[in-house]
Amino acid sequence: GESVGLHLPTLSVQEGDNSIINCAYSNSASDYFIWYKQESGKGPQFIIDIRSNMDKRQGQRVTVLLNKTVKHLSLQIAATQPGDSAVYFCAENSGGSNYKLTFGKGTLLTVNP
Amino acid sequence: NAGVTQTPKFQVLKTGQSMTLQCAQDMNHNSMYWYRQDPGMGLRLIYYSASEGTTDKGEVPNGYNVSRLNKREFSLRLESAAPSQTSVYFCASSDKGHRRTGELFFGEGSRLTVL
(Lines give C-alpha, C1' and ligand atoms only; values in the text may rest on other atoms or scores of the structure.)
Protein backbone atom coordinates (compact mmCIF):
# COMPACT_ATOMS: atom_id res chain seq x y z
CA GLY A 1 0.00 0.00 0.00
CA GLU A 2 0.94 3.61 -0.16
CA SER A 3 2.39 5.87 2.41
CA VAL A 4 2.81 9.60 2.36
CA GLY A 5 6.40 9.47 1.07
CA LEU A 6 6.73 6.26 -1.00
CA HIS A 7 6.90 5.56 -4.75
CA LEU A 8 3.65 4.87 -6.54
CA PRO A 9 2.59 1.26 -5.85
CA THR A 10 0.33 -0.69 -8.16
CA LEU A 11 -2.49 -3.14 -7.64
CA SER A 12 -3.90 -5.36 -10.35
CA VAL A 13 -7.19 -7.21 -9.83
CA GLN A 14 -9.68 -9.18 -11.87
CA GLU A 15 -13.05 -7.69 -12.66
CA GLY A 16 -15.53 -8.69 -9.99
CA ASP A 17 -12.93 -9.19 -7.28
CA ASN A 18 -12.68 -6.97 -4.22
CA SER A 19 -9.82 -4.48 -4.05
CA ILE A 20 -8.05 -3.22 -0.97
CA ILE A 21 -5.84 -0.15 -1.18
CA ASN A 22 -3.76 0.70 1.83
CA CYS A 23 -2.35 3.93 3.18
CA ALA A 24 -0.10 4.59 6.15
CA TYR A 25 0.19 7.97 7.79
CA SER A 26 2.72 9.23 10.26
CA ASN A 27 1.10 12.24 11.89
CA SER A 28 -0.65 11.10 15.03
CA ALA A 29 -2.44 14.46 15.13
CA SER A 30 -4.27 13.70 11.88
CA ASP A 31 -7.96 13.45 12.58
CA TYR A 32 -9.61 13.57 9.20
CA PHE A 33 -8.91 11.39 6.17
CA ILE A 34 -10.16 11.40 2.61
CA TRP A 35 -9.84 9.11 -0.40
CA TYR A 36 -9.70 10.53 -3.91
CA LYS A 37 -9.80 8.79 -7.28
CA GLN A 38 -7.94 10.18 -10.28
CA GLU A 39 -8.61 8.84 -13.76
CA SER A 40 -6.04 9.34 -16.47
CA GLY A 41 -5.97 12.92 -17.70
CA LYS A 42 -8.49 14.16 -15.16
CA GLY A 43 -8.52 15.88 -11.82
CA PRO A 44 -8.98 13.92 -8.59
CA GLN A 45 -12.52 13.12 -7.53
CA PHE A 46 -13.71 12.73 -3.94
CA ILE A 47 -14.72 9.19 -2.97
CA ILE A 48 -15.25 9.03 0.78
CA ASP A 49 -14.01 10.54 4.01
CA ILE A 50 -13.70 9.45 7.63
CA ARG A 51 -13.08 11.24 10.89
CA SER A 52 -10.87 9.91 13.62
CA ASN A 53 -13.80 9.22 15.95
CA MET A 54 -14.87 6.46 13.57
CA ASP A 55 -13.11 3.27 12.49
CA LYS A 56 -15.30 2.37 9.53
CA ARG A 57 -17.44 4.16 7.04
CA GLN A 58 -19.31 2.76 4.05
CA GLY A 59 -20.36 4.28 0.79
CA GLN A 60 -21.63 2.86 -2.44
CA ARG A 61 -19.38 -0.17 -3.11
CA VAL A 62 -16.61 1.40 -1.03
CA THR A 63 -15.61 1.05 2.60
CA VAL A 64 -12.91 2.97 4.42
CA LEU A 65 -11.29 1.48 7.51
CA LEU A 66 -9.22 3.49 9.94
CA ASN A 67 -6.86 1.98 12.48
CA LYS A 68 -5.48 4.80 14.56
CA THR A 69 -3.36 2.49 16.70
CA VAL A 70 -1.11 1.63 13.78
CA LYS A 71 -1.86 4.78 11.76
CA HIS A 72 -3.31 2.86 8.84
CA LEU A 73 -6.13 3.60 6.45
CA SER A 74 -7.61 1.33 3.79
CA LEU A 75 -10.09 1.66 0.98
CA GLN A 76 -12.04 -1.42 0.02
CA ILE A 77 -13.83 -1.54 -3.32
CA ALA A 78 -16.38 -4.30 -3.73
CA ALA A 79 -16.94 -6.05 -7.06
CA THR A 80 -14.27 -4.02 -8.82
CA GLN A 81 -15.19 -2.85 -12.30
CA PRO A 82 -13.03 -1.69 -15.24
CA GLY A 83 -14.26 1.84 -14.56
CA ASP A 84 -12.53 1.69 -11.17
CA SER A 85 -9.12 1.67 -12.88
CA ALA A 86 -7.43 4.83 -11.67
CA VAL A 87 -4.91 6.21 -9.21
CA TYR A 88 -6.25 6.36 -5.67
CA PHE A 89 -4.94 8.90 -3.16
CA CYS A 90 -5.41 9.06 0.54
CA ALA A 91 -5.16 12.47 2.13
CA GLU A 92 -5.04 13.61 5.73
CA ASN A 93 -5.78 16.77 7.63
CA SER A 94 -4.02 17.25 10.92
CA GLY A 95 -6.35 19.94 12.15
CA GLY A 96 -3.78 22.70 12.18
CA SER A 97 -5.60 24.30 9.32
CA ASN A 98 -8.99 23.62 7.84
CA TYR A 99 -7.51 24.12 4.43
CA LYS A 100 -4.35 22.05 4.23
CA LEU A 101 -4.53 18.45 3.14
CA THR A 102 -1.47 16.22 2.88
CA PHE A 103 -1.82 13.80 -0.01
CA GLY A 104 -0.18 10.43 -0.32
CA LYS A 105 1.57 9.54 -3.55
CA GLY A 106 -1.19 7.30 -4.78
CA THR A 107 -1.82 3.68 -5.74
CA LEU A 108 -2.49 2.70 -9.33
CA LEU A 109 -5.37 0.25 -9.55
CA THR A 110 -5.71 -1.74 -12.77
CA VAL A 111 -8.80 -3.87 -13.29
CA ASN A 112 -8.42 -6.71 -15.77
CA PRO A 113 -11.59 -7.78 -17.63
CA ASN B 1 -22.82 23.07 -14.75
CA ALA B 2 -19.11 23.40 -15.63
CA GLY B 3 -17.70 23.06 -12.10
CA VAL B 4 -14.05 24.15 -12.03
CA THR B 5 -12.57 25.40 -15.29
CA GLN B 6 -8.86 25.92 -15.83
CA THR B 7 -7.08 27.60 -18.72
CA PRO B 8 -4.89 26.90 -20.53
CA LYS B 9 -4.84 23.12 -20.57
CA PHE B 10 -1.33 22.99 -22.02
CA GLN B 11 1.50 25.52 -22.07
CA VAL B 12 5.17 25.46 -22.98
CA LEU B 13 7.38 28.22 -21.62
CA LYS B 14 11.03 29.10 -21.83
CA THR B 15 12.99 29.63 -18.64
CA GLY B 16 12.42 33.15 -17.35
CA GLN B 17 9.10 33.70 -19.08
CA SER B 18 6.02 34.58 -17.08
CA MET B 19 2.48 33.32 -17.34
CA THR B 20 -0.80 33.14 -15.47
CA LEU B 21 -2.99 30.11 -15.01
CA GLN B 22 -6.65 30.99 -14.75
CA CYS B 23 -9.27 29.19 -12.70
CA ALA B 24 -12.97 29.80 -12.32
CA GLN B 25 -15.67 27.93 -10.43
CA ASP B 26 -19.41 28.26 -10.80
CA MET B 27 -20.48 26.47 -7.60
CA ASN B 28 -20.44 29.56 -5.39
CA HIS B 29 -17.71 27.99 -3.25
CA ASN B 30 -15.89 30.05 -0.67
CA SER B 31 -12.49 28.34 -0.80
CA MET B 32 -10.16 27.82 -3.73
CA TYR B 33 -6.80 26.10 -4.05
CA TRP B 34 -3.87 25.58 -6.37
CA TYR B 35 -2.01 22.27 -6.30
CA ARG B 36 0.82 20.89 -8.36
CA GLN B 37 1.26 17.22 -9.21
CA ASP B 38 4.59 15.74 -10.20
CA PRO B 39 5.19 12.17 -11.46
CA GLY B 40 5.09 9.61 -8.68
CA MET B 41 4.08 12.20 -6.15
CA GLY B 42 0.85 13.25 -4.60
CA LEU B 43 -0.63 16.68 -4.91
CA ARG B 44 1.14 19.48 -3.11
CA LEU B 45 -0.62 22.66 -2.08
CA ILE B 46 0.87 25.84 -3.53
CA TYR B 47 -1.56 28.49 -2.32
CA TYR B 48 -5.10 28.63 -1.14
CA SER B 49 -7.80 31.20 -0.59
CA ALA B 50 -10.09 30.41 2.29
CA SER B 51 -12.54 33.10 1.22
CA GLU B 52 -12.79 36.01 -1.14
CA GLY B 53 -10.16 38.59 -0.25
CA THR B 54 -7.75 36.22 1.50
CA THR B 55 -4.84 34.12 0.28
CA ASP B 56 -2.35 32.00 2.16
CA LYS B 57 0.75 29.97 1.40
CA GLY B 58 0.63 26.24 1.16
CA GLU B 59 3.41 23.70 1.17
CA VAL B 60 5.33 24.87 -1.94
CA PRO B 61 4.64 28.58 -2.58
CA ASN B 62 8.09 29.70 -3.75
CA GLY B 63 8.13 31.03 -7.30
CA TYR B 64 4.37 31.58 -7.43
CA ASN B 65 1.88 34.32 -6.73
CA VAL B 66 -1.88 34.18 -6.61
CA SER B 67 -4.82 36.52 -6.91
CA ARG B 68 -8.34 35.88 -5.71
CA LEU B 69 -9.97 38.17 -8.23
CA ASN B 70 -13.51 37.61 -6.95
CA LYS B 71 -15.45 34.74 -5.45
CA ARG B 72 -15.38 32.81 -8.74
CA GLU B 73 -11.81 33.30 -9.90
CA PHE B 74 -8.42 32.38 -8.51
CA SER B 75 -5.32 32.81 -10.65
CA LEU B 76 -1.79 31.46 -10.28
CA ARG B 77 1.13 33.43 -11.68
CA LEU B 78 4.65 32.32 -12.45
CA GLU B 79 6.76 35.48 -12.65
CA SER B 80 9.95 33.85 -13.93
CA ALA B 81 9.39 30.23 -14.89
CA ALA B 82 12.02 27.61 -14.04
CA PRO B 83 12.35 24.00 -15.27
CA SER B 84 11.53 22.84 -11.72
CA GLN B 85 8.06 24.28 -12.24
CA THR B 86 7.31 21.79 -15.00
CA SER B 87 4.26 20.05 -13.60
CA VAL B 88 0.54 19.53 -13.86
CA TYR B 89 -1.35 22.22 -11.99
CA PHE B 90 -4.77 21.67 -10.51
CA CYS B 91 -7.19 24.23 -9.28
CA ALA B 92 -9.84 23.14 -6.78
CA SER B 93 -12.67 24.62 -4.80
CA SER B 94 -14.66 23.67 -1.75
CA ASP B 95 -17.63 25.06 0.10
CA LYS B 96 -15.98 24.85 3.48
CA GLY B 97 -12.61 23.95 4.87
CA HIS B 98 -11.45 20.37 4.66
CA ARG B 99 -12.42 19.44 8.17
CA ARG B 100 -16.06 19.92 7.43
CA THR B 101 -16.44 18.39 4.06
CA GLY B 102 -13.16 17.25 2.57
CA GLU B 103 -14.75 17.38 -0.82
CA LEU B 104 -12.55 19.34 -3.09
CA PHE B 105 -13.81 19.81 -6.61
CA PHE B 106 -10.92 19.76 -9.04
CA GLY B 107 -10.45 21.14 -12.50
CA GLU B 108 -8.99 18.96 -15.23
CA GLY B 109 -5.49 20.32 -14.85
CA SER B 110 -3.05 22.52 -16.74
CA ARG B 111 0.08 20.81 -18.01
CA LEU B 112 3.01 23.21 -17.96
CA THR B 113 6.42 22.51 -19.45
CA VAL B 114 9.32 24.88 -18.84
CA LEU B 115 12.27 24.43 -21.18
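How many helices and strands does the secondary structure of chain B come to? I found 0 helices and 11 strands. A note to myself before going on: this is a predicted model.

**Entry on chain B, overall form.** I read the elements from the N terminus on, and they run β-β-β-β-β-β-β-β-β-β-β. The radius of gyration of chain B is 13 Å, close to the 13 Å that the globule rule gives for 115 residues, so chain B is as compact as a globular protein of that length. I also looked up the box along the principal axes, and the C-alpha atoms fill roughly 40 × 30 × 25 Å.

**Entry on chain A, overall form.** I then turned to chain A and listed 0 helices and 11 strands. Read from the N terminus, the order is β-β-β-β-β-β-β-β-β-β-β. For its 113 residues the globule rule gives 13 Å, and the radius of gyration of chain A is close to that at 13 Å, so this chain is as compact as a globular protein of its length. The C-alpha trace of chain A spans about 45 × 25 × 20 Å along its principal axes.

**Entry on burial and contacts.** In chain A, 42% of the 113 residues count as buried; in chain B, 49% of the 115 residues do. In chain B, 55% of the contacts between residues at least 6 apart join residues at least 24 apart.

**Entry on surface and charge.** Chain A exposes about 5,400 Å², with carbon and sulfur atoms supplying 46% of it. Chain B exposes about 5,300 Å², and there carbon and sulfur atoms supply 46%. I listed 10 positive and 9 negative side chains for chain A, with the centres of the two sets 6 Å apart. Chain B has 13 positive and 10 negative side chains, and the centres of those sets lie 3 Å apart.

**Entry on the core.** Which residues have the most contacts inside the largest nonpolar core? My list reads Tyr36(A), Leu101(A), Phe103(A), Tyr33(B), Tyr35(B), Leu104(B) and Phe106(B), in a core of 20 residues. I then looked up the strands that each supply at least two residues of this core: strand 4 (32-38) and strand 9 (86-93) of chain A, together with strand 4 (31-37), strand 5 (43-49) and strand 9 (87-94) of chain B.

Technical notes
Residues are numbered from 1 along each chain as its sequence is written. Chains are lettered from A and ligands numbered from 1 in the order in which they are written. This is a predicted model: local features need pLDDT of at least 70, side-chain atom pairs count only at pLDDT 80 or more; totals for chains, interfaces and linings use all residues. Side-chain values use heavy atoms; hydrogens and water are left out. Helices (H or I, at least four residues) and strands (E, at least two) are DSSP runs, numbered from the N terminus. The radius of gyration is taken over C-alpha atoms; the globule rule is 2.2 Å times the number of residues to the power 0.38. Buried means under 20% relative accessible area, exposed over 50%, partly exposed in between (1.4 Å probe, protein chains only). Accessible areas come from the Shrake-Rupley method with a 1.4 Å probe; for residues, only the protein chains shown count as cover. Lys and Arg count as positive and Asp and Glu as negative; His and the chain ends are not counted. The place of a charge is taken as NZ of Lys, CZ of Arg, CG of Asp or CD of Glu. A nonpolar core is a set of buried Ala, Val, Leu, Ile, Met, Phe, Trp, Tyr and Cys residues joined through side-chain atoms within 4.5 Å. Contact means heavy atoms within 4.5 Å.
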